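Visitor: Hi! Could we go through the charged pairs together?
Guide: Happy to, let's bring it up.
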Amino acid sequence: MKILRAISTAAALCALPLPALAHPHIFLDARLEAVATEDGHLAELRNVWRFDEVFSSSVLLDFDKNSDLKLDNEELAELGEVMRASMEDFNYFTTISVDGKDVPVAKPGIIHVSWQHGQIHVIFAIKPSRPVPLKGKLAFGIYDPSMYTAVNFPTDNDLKVEGKAFAACKHTVVRPDPDEVIASNKDTLTDAFFNDPTGTDMTKLFATRMEVTC
């Protein structure tokens with residue numbers, strides 16, 4: 001199935017030097033909402049993704065079992081399960097960090113998929129694998145470390161926080177300038193490339209994210 005081939009290709013591309021990773025093949029517009037619990041912890045990250053028409057069309061060809069040029073409920077459910085299984089190794093493109101340290105995420109219970117105006121729409125929630133109190137400097141984002149998929153947040157309002165506990169925190173959307181990132185991390189990026197040519201851990205420096213200080 002093409003979506004599995006795409007994920008497999010992304011994994012293979014992680015073995016290439018960083019310059020080869022600069023050309024994404026899949027594009028998606030994203031919305032991300034960080035939700036707090038009443039007792040001041042991160043409850044979950046709610047995701048809404050809309051994939052580009054070209055990729056959506058290729059998925060339609062693979063999952064339209066009855067060839068009616070649309071995806072019915074059973075086909076959409078199957079697609080959701082495929083994504084839920086195949087994206088696990090990629091952390092569902094989700095990053096949660098506390099004071100610079102990454103927090104693993106739990107597998108979502110379900111990924112809801114719909115077909116709207118010729119595009120694949122995806123909705124799902126991601127929970128941290130351990131309790132994350134809203135203390136210190138936290139960062140939330142969506143990005144593909146292989147750079148095979150380009151994740152775009154059309155406006156700053158597409159990254160939001162929800163819950164009374166966030167009222168005590170300051171939050172801002174960070175859209176890194178690639179030239180500034182390279183200039184500020186030149187030596188680190190060079191060392192990272194020679195020590196790990198995949199460069200996958202360093203790509204998050206270029207990703208749009210929500211930073212929260214509590």
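Guide: A salt bridge here is a side-chain nitrogen of Lys or Arg within 4 Å of a carboxyl oxygen of Asp or Glu. This is a predicted model, where local features need pLDDT of at least 70, side-chain atom pairs count only at pLDDT 80 or more, and totals for chains, interfaces and linings use all residues. Residues are numbered from 1 along each chain as its sequence is written, and side-chain values use heavy atoms, with hydrogens and water left out.
Visitor: How many salt bridges does a search of the whole structure find?
Guide: The search finds 11.
Visitor: What do the side chains of Lys65 and Glu78 form?
Guide: They meet in a salt bridge, 3.1 Å from N to O. Lys65 lies in the loop between helix H2 (53-63) and helix H3 (73-86) and Glu78 in helix H3, so the pair ties together parts 13 residues apart in sequence. Helices (H or I, at least four residues) and strands (E, at least two) are DSSP runs, numbered from the N terminus.
Visitor: Switching over, which residue does Lys137 pair with?
Guide: Glu211, with the closest N and O atoms 3.7 Å apart. Lys137 sits in strand S7 (residues 137-142) and Glu211 in strand S11 (residues 209-213), 74 residues apart.
Visitor: Is Glu211 buried or exposed?
Guide: Buried, at 15% relative accessibility, while Lys137 is partly exposed at 43%. Buried means under 20% relative accessible area, exposed over 50%, and partly exposed in between (1.4 Å probe, protein chains only).
Visitor: And which residues are linked in a network of salt bridges?
Guide: Those are Glu33, Glu44, Arg46 and Lys127.
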